[in-house]
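Try each task before you read its solution.

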Amino acid sequence: MHRYDLKEFLARFIDQADECPLFEIVEALPSPSADGPWIAGGAIRRTLLQDSLDSDVDYFFRDEEQKKAFGEAIQEKGGWLISEKEHATTYGIKVKHNTVVVQAITMAYYPTLEAVLDSFDFTITQFGYDGKDLVCGPHSLWDLARKRLALHKLTFGVSTVRRLIKYTRQGFTACGGVLASILEQVVEHPEVIRREVTYVD
């Protein structure tokens, strides 16, 4: 995994990087930290692409106790519970008159942010933030810049195929190699189909 100071990294190509919408949102939420919780996935990718943050913000946790403390903290900051499901608890919170949707992911707990990112399917999803650093996969920035879909790990097959369709609609290219990788892994390990799991991001 690679690690960069996120504000310094963004300042290379964004004027007034300190004023990115991501930081306004993070300021209104319980703070991510090196020991968790961590923000990972779409909100970080969209920030790097300078896209609008119109998707939810996904938080990941070290353990159940940390997730519980997060839920209490977000409600103390004015957030409210939207739904509670097996794999995620969803909250809403107002940030500058806009409602931001926040997902507390509970399908698994992780010892580190690197472990969170290692569990993700496509390299372009392997972006995380610990309150200071951008952490990303070794090929993530390269594939993001090329808008190329490359498979890192297949754990939830149906969700990965659904997400592949979503990303191609966003302008990412799924080459024959990524399709072959998905099919080969499903043939080799049919248990990864996991149609009951709705993946995050």
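Predicted model: local features only at pLDDT ≥ 70, side-chain atom pairs only at ≥ 80, totals over all residues.

**Exercise 1.** Work out which residues of α3 are buried.

*Solution.* Start with the cut-offs: buried means under 20% relative accessible area, exposed over 50%, and partly exposed in between (1.4 Å probe, protein chains only). Helices here are DSSP runs of H or I with at least four residues, strands are runs of E with at least two, and both are numbered from the N terminus. Now go along α3, residues 42-49: G42, A43, I44, R45, R46, T47 and L48 are buried. That's seven of its eight residues, so the helix is mostly covered, given the under 20% cut-off.

Residues are numbered from 1 along each chain as its sequence is written, and side-chain values use heavy atoms, with hydrogens and water left out.

**Exercise 2.** Find the salt-bridge partner of R46 and say whether each residue is buried or exposed.

*Solution.* The criterion is a side-chain nitrogen of Lys or Arg within 4 Å of a carboxyl oxygen of Asp or Glu. R46 meets it with D54, the closest N and O atoms being 3.2 Å apart. R46 counts as buried because its relative accessibility is 16%, while D54, at 59%, counts as exposed.

**Exercise 3.** Describe the faces and the strand partners of β3.

*Solution.* Faces come as a pattern: in a regular strand the side chains alternate between the two faces of the sheet. In β3 (residues 57-60), V57 and Y59 sit on one side, D58 and F60 on the other, and all of them are buried.

Next, pairing, which requires DSSP to find at least two bridges between two strands. β2 (residues 38-40) pairs with β3 in the antiparallel sense over two bridges, and W38 has F60 as its bridge partner. β3 also pairs with β6 (residues 98-105), this time in the parallel sense over three bridges; there V57 stands opposite V102.

**Exercise 4.** What does the side chain of D58 contact, and how far away is the nearest side chain of opposite charge?

*Solution.* For charge, Lys and Arg count as positive and Asp and Glu as negative, with His and the chain ends not counted. D58 is buried yet has no salt bridge: the nearest side chain of opposite charge, R163, is 7.2 Å away. Now try polar contacts, meaning N or O atoms within 3.5 Å; within protein, one must be able to donate a hydrogen and the other to accept it, and residues adjacent in sequence count only if both atoms are side-chain atoms. The D58 side chain makes one with the side chain of Q103, at 3.4 Å.

**Exercise 5.** Which parts of the chain does the salt bridge between D133 and R3 link?

*Solution.* The closest N and O atoms of D133 and R3 are 3.2 Å apart. D133 lies in β8 (residues 133-136) and R3 in β1 (residues 2-5), so, with strands taken as DSSP runs, the pair links distant parts of the chain, 130 residues apart. D133 is buried at 12% relative accessibility, and R3 is partly exposed at 39%. The structure holds 11 salt bridges.
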